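Please look at the sequence and the model before reading on.

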Amino acid sequence: MASTSSSALSISSSSTLVDAKAPSPRQSPQCVSPPPVHSPWKTTAFCRRIASNVMAMATTREAPAAEVATTELSVAETPEIVKTIQEAWDKVEDKYAVSSLAVAGVVALVGSAGMISAIDRLPLIPGVLEVVGIGYSGWFAYKNLFFKPDREAFLRKVKETYSEILGSS
């Protein structure tokens, strides 16, 4: 008797998979409550309903709008980005030095991240560093931002540094 119910289940689910038909409208793709009496016939019917509900959810799922928009955006921008990178790479004269510098930068970034995480695991150091950071932020605000003449001098210095870095603007 158990073999009959399992074969009926496999035939039902395989025909649903092969045909790939959407379930009828009366079958909702929501959870089905288990039958109160656990007889082999009701359990088989319950399993069929679960299988059809799962198939209905799998066949009627649509991609969310955010995924579609992201895919369309990345497909549209990828050639421009790749083209810009290729042009910049072609302009580089010493490709070996630039590649070595990039690898060294990645190694330094990974090493510094490991060092920071190791320091963070020490028992007292993170708290001390936090107090030092808060103290320096307070000192900086008092020294450069609290009074109007100091604030104007600080903004002037920032603008001078900005123009030195970017050139005359």
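## Overall layout

Read from the N terminus, the elements of the protein chain run α-α-α-α-α-α. The count is six helices and zero strands; helices (H or I, at least four residues) and strands (E, at least two) are DSSP runs numbered from the N terminus. This is a predicted model, in which local features need pLDDT of at least 70 and side-chain atom pairs count only at pLDDT 80 or more, while totals for chains, interfaces and linings use all residues. Residues are numbered from 1 along each chain as its sequence is written, and side-chain values use heavy atoms, with hydrogens and water left out.

Of the 169 residues in the protein chain, 5% are buried. Here buried means under 20% relative accessible area, exposed means over 50%, and partly exposed lies in between (1.4 Å probe, protein chains only). Among contacts between residues at least 6 apart in sequence, 38% join residues at least 24 apart; a contact means heavy atoms within 4.5 Å.

## Annotated spans

In an unreviewed entry, UniProt lists residues 96–118 and 124–142 as "transmembrane region". UniProt positions follow the numbering used here, feature names are shortened, and annotations may be inferred rather than shown by experiment.

In the model, residues 96–118 are 100% helix and 0% strand, with end C-alpha atoms 33 Å apart. Residues 124–142 are 95% helix and 0% strand, and their end C-alpha atoms lie 28 Å apart.

## Helices H5 and H6

The axes of H5 (residues 125–145) and H6 (residues 148–166) come within 6 Å and cross at roughly 95 degrees. Axes are lines fitted to C-alpha atoms, for helices over the stretch in contact, and angles run from 0 to 180 degrees between N-to-C directions. H5 and H6 are therefore roughly perpendicular to each other; that label covers 65 to 115 degrees, while under 35 counts as roughly parallel, over 145 as roughly antiparallel and the rest as oblique.

H6 has 19 residues and reaches 27 Å from its first C-alpha to its last, close to the 27 Å expected at 1.5 Å a residue. The expected span is 1.5 Å times one less than the number of residues. After H6 comes Gly 167, whose phi is positive, near 90 degrees.

## Residues at the contact

Which residues of H5 meet H6? Phe 140, Lys 143, Asn 144 and Leu 145 in H5 meet Asp 150, Arg 151 and Phe 154 in H6.

Asn 144, in helix H5, is buried, with a relative accessible area of 17%. Phe 146 lies in the loop between H5 and H6 and is exposed, at 56% relative accessible area. Not counting residues up to four places away in sequence, Phe 146 touches Ala 141 and Arg 151.
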